2 protein chains.
Amino acid sequence: MRVHTLVIVGVGLIGGSVALAARRRGAAERIIAVDRDAATLQLARERGIADETVPTFDEVAAAANLVLFCTPVDVLADEVILAARQCQPGTILTDAASTKVAITRSLAGRLPADIRFVGGHPLAGSEKQGLQHADAELFRDRVVVLTPAASGDERAGILVGEFWEALGARVRRMSPEQHDHALALTSHLPHLVASALSGAMPPEVAALTSSGFRDTTRIAASDPALWRGILEANATEVLNALARFEEQLGRFRTALRSGNHAELQELLTAGRDFRAALDRKSS
Amino acid sequence: MRVHTLVIVGVGLIGGSVALAARRRGAAERIIAVDRDAATLQLARERGIADETVPTFDEVAAAANLVLFCTPVDVLADEVILAARQCQPGTILTDAASTKVAITRSLAGRLPADIRFVGGHPLAGSEKQGLQHADAELFRDRVVVLTPAASGDERAGILVGEFWEALGARVRRMSPEQHDHALALTSHLPHLVASALSGAMPPEVAALTSSGFRDTTRIAASDPALWRGILEANATEVLNALARFEEQLGRFRTALRSGNHAELQELLTAGRDFRAALDRKSS
């Protein structure tokens, strides 16, 4: 599988890593990086991540075969709609945003008939942002969720899947609703929790934190604006996930308050078991 | 500073690491490891962590100058009281338990007049338990909190502090109450939160977790029995810390439900700022 011209809009950690991975693995003949930020484009040139670097999509729209949007979730739909009008028939558009229902709804009925959009979300990345942390191996053995339209062009979904597989990822397909439900639990809730935990600390205890605190709150160091957009775009599912988590906290509170040893042990064991199973799977 | 005979009771991750560190840095002339578990003692001999390995303290009590108890918090006080009766006058006892008020109260008035106990807590360790993970550098640049009795022998507190400094640690002194208040926030609450988050996950979402979830829940993989003891020993402070955290969660919920962008951004920024400051301090 080899894309002729891959255009990546937004070359931060994810976009930059896709460019490096596609180059290393020969997944695209030509790579064009689009970014509005001049310093990012300069760094993109210095790192040699693309054959061409431009500030706006319209300059390269006609050449694009596959366009990957790695822009924040709250501006993504508008960018895709604008870009779609400038592309050649048959161009495939995809994205890497952390929520899928909002973008899918925003695009419904608003793209030219001969342009396909396939929603995507690589479950990779970290609290480190920006092109300076881009890594050609970021997607190796990572899951990429695709949410192809049920009634869309099947070929587009297959091609985008093959592209991610060429970068070393494992592709899973599901509906946007399934994605947003699951990721509210496994990604958006943990982010909210890590941030709330970190933000609840009085400054004077900072010197008494150790590696456990640092692990638990690591993702709280992420960009607030980016995560505000993600949490808001998936607010209903995040609130449901939060309610589920608060119920579990309530069980801990009751067990601790009433001195119920067996219940507290059971709650800690449930947490241990789910977590330990993840390590066994990944090793 | 050099202890003549150091006895370590319980050679898991912490006790084993103290033995290795004391050996490497010459902080004790002779090291005796005490552990009831035969397999652990066998491993202690194989790794050569001590000059002598014995199953019970009474065999070596007469030789001890400094005794470090690294046993679970719920059995620690009884062990210290029993051991103290067998020691020579002037022997100094200390511990490495994660809570300090309960042990201090349990020991009050119950030790021989010529035996000193100095409460201690190295803020080191991880979700990995056991002597197999012991590391001579575990305490380097880590904080060790000491809670010497206000009316006790000052010399004992100084000696225990010098011992930990000899292992590379930074010593901070405070009251048991100050310790348990701060650690409820920075250690016990994060543990409870990580465990509740992990335990709240339905099994089918396991395949959709990524590094953010793994970081946030890493400490949930710890031993449930050990942590049940810690949470119970510090239940009042942990419940206060939990209430503080739940208030912060409530702020997130309100902001998300009402679509209050500015408030959500502010909450995420507070979480980012506390966490990011920790990285700046440690680098």
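This report describes the interface between chain A and chain B of a predicted model, and then the sheet in each chain.

## Basis

Local features need pLDDT of at least 70 and side-chain atom pairs count only at pLDDT 80 or more, while totals for chains, interfaces and linings use all residues. Residues are numbered from 1 along each chain as its sequence is written, chains are lettered from A in the order in which they are written, and side-chain values use heavy atoms, with hydrogens and water left out.

## The interface

Chain A and chain B each bring 78 residues to the contact (heavy atoms within 4.5 Å). Between them the two chains bury about 7,400 Å², and 68% of this lies on carbon and sulfur atoms. Buried area here is the accessible area (1.4 Å probe) that two parts lose on being put together, summed over both. On the side of chain A, the residues that lose the most area to chain B are A:L208, A:F274 and A:R275, together 10% of what that side buries.

There are 4 salt bridges between chain A and chain B, a salt bridge being a side-chain nitrogen of Lys or Arg within 4 Å of a carboxyl oxygen of Asp or Glu. A salt bridge joins the side chains of A:R218 and B:D215, at 3.7 Å from N to O. Several elements of chain A each supply at least two residues of the side that touches chain B, among them β7 (143-147), α6 (176-199) and α10 (261-282). Helices (H or I, at least four residues) and strands (E, at least two) are DSSP runs, numbered from the N terminus.

## The sheet of chain A

In chain A, 8 strands form an open sheet of mixed pairing, in the order β3-β2-β1-β4-β5-β6-β7-β8; two strands pair if DSSP finds at least two bridges between them. At the edges stand β3 (52-54) and β8 (170-173) of chain A, each with a single partner strand, so one side of each has no neighbour in the sheet.

Strands β1 (residues 3-9) and β2 (residues 28-34) of chain A pair in the parallel sense over 6 bridges. A:T5 stands opposite A:R30 in β2(A). Helix α1 (residues 13-24) of chain A packs on the sheet, and its direction makes about 160° with that of β1(A). Such angles run from 0 to 180 degrees between N-to-C directions, with axes fitted to C-alpha atoms, for helices over the stretch in contact.

## The sheet of chain B

Chain B has an open sheet of 8 strands in the order β3-β2-β1-β4-β5-β6-β7-β8, with mixed pairing. Strand β7 (residues 143-148) of chain B pairs with β8(B) in the parallel sense over 4 bridges, and B:V144 stands opposite B:V171 in β8(B). Helix α3 (residues 73-84) of chain B lies across β1, β4, β5 (92-95) and β6 of chain B, running at about 160° to β4(B).
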